[in-house]
Amino acid sequence: MRNLRQTCCNAALLVGLSALAGQAQAQPAGVLRVAVGADPATFDPAFNDLPVGNAVDLAVLEGLFRLDPQNNVEKSLASESSFSPDGKIFTVKIKSGKKFSNGDPLNAEAVAASFNRMLDEKTGSIYRGLYASLGTIKAVGEDTVEFHLSEPNGHILMLLASTAASIVNVKSVKEMGAEYGRKPVGSGPYKVDRYVGGEGFKLVPNPTYAGDYPATLKSIDFIVVPEDGSRMALLETGAADIVERVPPESMAAINALKDAKVVNPPSMFSINMEMVLRGPLADAKVRKALNMAVDRDGIAKGILGGLGTPSVGMVGPGTQDELRKTFPPIAFDPDGAKKLLAEAGYKPGQLSLSFTCPTGRYIKDVQVCQALAGSFENIGIKATPLVVDRGTWSKVIGMEPTARTDNMGMVGRATAGMDYTLYRLFFTGVGANRTGYANPRVDALLKEGRAATDPAKQKQIYGEVQEIVWNDQPFLFLWYQTQAIGVANRVQGFAVQPNETLVFDKVTLK
Amino acid sequence: MFVLRRLSSALPTLFAVSLLVFLFVDLIPGDPAQILAGPTASNEEIESIRKFLGLNEPLLSRYGQFLRGIFDPSVATSFRTHRPVVVELAERLPNTLIVSIGGLAIGVVLGTLAGIVCAMRPGGIADALITVLTLAGISMPIYWLGLLCIWYFAVNLGWLPAAGASTPMHFVLPILVIATRPAAMFSRLVATSLTESMGRDYLDTARAKGLSETRVVLFHALRNSLIAAVSVAGVQFGGMLGGSVVTETVFGIPGVGRLLVDAVSRADYPVIQYAILMFAVFFVAINLVTDLLTQWLDPRTRDQERLA
C-alpha cells in the first residue's frame, strides 16, 4: 500500500517535472549579443534603409506578408488575399484578434492607417514613390483591407512582404513623434526595450504577441561598433555571439576560433559597372569586349577574398528566384576582346574610357576599380578610374545619362522584386534608368509583366527580359556579393536573408 | 570685466563660424535627398524628398532657418532620425567629454610627473626611457595604438572590453589611449621649461631660504613652467574633441565624433552643422578658460591688462 502510494507520488512528481520542463523549453531563454557595423538611426519602416533596421523591424513589427530566409513570400498578418477580376483591387483578409504591443487593436483600420501614413506626402517617407502604385487603401469592416491600385500590379506581394511595408501603430507615431523610430510599437514577437543612440539597443519578448514565431530569447542585445577590427575583437573575446560584416582579411582568423565560424549566405547585391550608353559604349561590340576583358573569378578570389560570385545574370540570387534566369558565366577572353575592339574600329590605345567608383561603399570597391583599369589597359583601352567619395559618387550615378562626363559607374543593386528592379533600370525614360537603355521590346514586356498576375506568364515574360538585357550588356556585369557573418557555435537556428537582414525567428542558444 | 569683454569679442567669431559651417556643408558633394532615396529612386521621388527636407528653399532662408534652430531647437531636426539635433548631441556629448577630459587629466598628470623626473635627473636612465616613450607617444597614430591596445588588452589578456560604452570599464582603454598624446607633449614641455628655470636666480633665493629641493621644484619652478603648459593643454583639449572622431569609431563609443562621421557619410546636414558649431563654441570657451588660468598663474599678464 505504502509502496503504491509512493509510486503514485513519484509518478505525479515526474509528470509535474516533465510539464515544467516542457514549459521551460517554450519560455524564451538566453541573451543573444549581436555586434553590428552601422548605426541604424531609425527603426521607423518609412525611413529605415539599413539591413540592421530591417532585422529589427522583422522582429518587432509585422507586415501583411513577410519574406522567409530565402526571400520567399509567406503570410504574416494576412490570412488570405485575392485580386479583383480586373486586377485593380487587391483584397487582403487579416488574422483577427491581433494587438500591438501597447494593447491597441491591430485591425483593418490600423493596417490602412499605416499604409496611408507612408503614402502621405507630409510624412516624407523615402518609400512613398516605391509604394505609390498601391493607390488608396481602405478598411472594410474589422478584418478586410482593400488596395485600390493606381495601376494593375502583379507584384504587390513582393512590395507588401518587404519590411518597409510593416504595420506601424499610427496612434503611437502621433503620440511619440520621432521617438517612434527608436521604440516602434508593433505586433511582432519582440519589442525594443532600451535604445542608447550610437551605442546599442535591446529587444525583449513582446508579451502580447500571438503568432507563428514566438520569442525564443530572453533578450537580443545589439551593440554598434563601426570599426571592423574592434567588432571582430568582440567575437574573439566572446563578448558578442554574432558579428556583422566580417572583412575578407579577418575570415581566416575568425574561422580559426574554437567557438565561432564565419557563415557565408548569398546576397542579392549585384555589383556592376553601369555603362552610359553614348559614344563608344553605344556600340554593342565595345560593350561585349569590355565584358570579355574582365577576369571575374580572379577578382572574386584575389581581391574580394571569396566574398563575391561572378555574375550569371543581372539580378542577384534571392530576387524572386522563381522568376530569375541565369546564364553561362561570361568567359575571360582578352584576345577575343581585342579582336572585337578592332572590329568596332578601335586600334590599341585609340579608345579611352573613364569610370566612377565609390570609396568604401562596396567591399574593396577601390581595389576592384584599379584591377578593372588594368584589365581594360590589357586590351588596349586607355582607362581612367575616377575614385570619389560617397557623396560625389551618389551624385554622379544619379545624373541623367546626357549630363554624364564619364562612361561607367560602379553601382550595387539589391531591390525588392523582379518588376521593380528591371522596370526601374531598363524601361525607356524612367527616372532611375541612368544608362539611357532603350529597347521597345523590353518596354513592351515590362509593361505586360507588371500587369500580369499569373506566375507562369510572369516567368516567361521576365525570362525574356533578363535574356535580352544579358545579351545587350548595358552593364559590365561583375559579381554578386557574398555575405560574411561571424557566428558563435552556441547560436542555433540563425538565418540571414539575401537582402542581408538577420533573422532571429528560431534562434536559440546552446 | 575681462570675461565680459572676451565673451563679446567671441560673438563675431561664432557668427563667422556659423556662416562658414553653413556654406561649407552646403558645398559638400552629394544631395541629401538623393542619398536618402537610394540609387534606384526616380527623379520625382528625389524631388519630393528634397521638398520635404526644405532643400529647395533659397540659400538665405535656409541660413535663417539654421540660425533659428540655435534658439528654437525643435525646428532643427536630423534628416535621418527626425529628432531635434540638440537631443542627438546631448545624448552623445557626455561620452565625448568623459573620454576627452579623462584622457587630458590623466595625460597632464602623467606627463607632468614624467617631465619633473626628466628635469631633476637629466641624462639618467629614466630620462632616456621617458624620452623614447614620449617620441613613441607623439608619433603613434591614435587609431593604430587603439587597435593594438584592443588586440593586447582585450583579445589577448582579456582584461578589458574591446568596444562599446555600456560600463565604466569600457572607458578605461580609450581614456588611456587618448592620454598618450597629452602625456607625451607635457612631459617634453615640462621637462624643457623646468630645466630652463632650474638655473634661475629666484630658485637660488628659494633654496637659500632653506626650502627642500622638492619644494623648490614643485612650488617655485613648476608654477612658472605651467604657464606655457596651460595654453598647450587648452589646444590639446580642442584637438581631442576633434580627435574624438577617430577614437570613438575605433572603440565603438557613441560620442559626438561618431555622430559627426555618420552624419557626413549620410549627408545629414543639420547634424553636421550644429555639431561643428558646438565644437566651435567649445573652442571659444576653452580659449577663455586658458586665458583666465594664465592670468591666475602669471601676475604679469594681469598688470598688462590693467595698463592697457
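**Notebook: chains A and B, predicted model**

I began with a helix pair in chain B and noted that H5(B) and H8(B) cross in the right-handed sense. This is a predicted model, and I read every entry below with that in mind.

**Entry 1. The helix pair.** I looked up the geometry behind that crossing. Helix H5 of chain B spans residues 85-120 and helix H8 of chain B spans residues 169-198. Their axes come within 5 Å, and the crossing angle is roughly 35 degrees. I then sorted the residues of the contact of H5(B) with H8(B) by class and found 25 nonpolar, eight polar and one charged.

**Entry 2. Chain B as a whole.** I went through the secondary structure of chain B, which has 13 helices and zero strands. I took the box along the principal axes, and the C-alpha atoms of chain B fill roughly 85 × 60 × 30 Å.

Entry 3. I checked UniProt, where an unreviewed entry carries "domain: ABC transmembrane type-1" over residues 93-290 of chain B. In the model, residues 93-290 of chain B are 84% helix and 0% strand, with the end C-alpha atoms 21 Å apart. The feature "transmembrane region" is placed by UniProt, again from an unreviewed entry, at residues 97-117, 129-153, 225-251 and 271-293 of chain B. I looked at two of these stretches. Residues 129-153 of chain B are 92% helix and 0% strand, and their end C-alpha atoms lie 22 Å apart. Residues 225-251 of chain B are 96% helix and 0% strand, and there the end C-alpha atoms lie 34 Å apart.

**Entry 4. Chain A, domains.** I noted three domains in the assignment for chain A. Domain 1 is made of 2-37, 189-266 and 483-509, domain 2 covers 65-172, and domain 3 covers 270-481. Between domain 1 and domain 2 of chain A, ten residues of domain 1 are in contact with eight residues of domain 2. On the side of domain 1 of chain A that touches domain 2, I recorded five nonpolar, four polar and one charged residues.

Entry 5. UniProt (unreviewed entry) gives "domain: Solute-binding protein family" at residues 73-393 of chain A. I find residues 73-393 of chain A to be 28% helix and 25% strand, with 34 Å between the end C-alpha atoms.

**Entry 6. The contact of the two chains.**

**Entry 7. Confidence.** The predictor gives the complex an ipTM of 0.76 and a pTM of 0.82. Chain A averages a pLDDT of 89, and 95% of its residues score at least 70. For chain B the average pLDDT is 83, with 97% of the residues at 70 or above. I marked residues 7-25 of chain A, where pLDDT stays under 50 and the model has zero contacts beyond four places in sequence.

Methods:
Residues are numbered from 1 along each chain as its sequence is written. Chains are lettered from A and ligands numbered from 1 in the order in which they are written. This is a predicted model: local features need pLDDT of at least 70, side-chain atom pairs count only at pLDDT 80 or more; totals for chains, interfaces and linings use all residues. Domain bounds come from an automatic or database domain assignment. Two residues are in contact if their C-beta atoms, placed from the backbone, lie within 7 Å. Ala, Val, Leu, Ile, Met, Phe, Trp, Tyr, Cys and Pro count as nonpolar, Asp, Glu, Lys and Arg as charged, and the others, Gly among them, as polar. pLDDT is the predictor's confidence in each residue, from 0 to 100. UniProt positions are given in the numbering used here, feature names are shortened, and annotations may be inferred rather than shown by experiment. Helices (H or I, at least four residues) and strands (E, at least two) are DSSP runs, numbered from the N terminus. Axes are lines fitted to C-alpha atoms, for helices over the stretch in contact, and angles run from 0 to 180 degrees between N-to-C directions. A crossing is left-handed if the near helix is turned anticlockwise from the far one by less than a right angle, and right-handed if clockwise.
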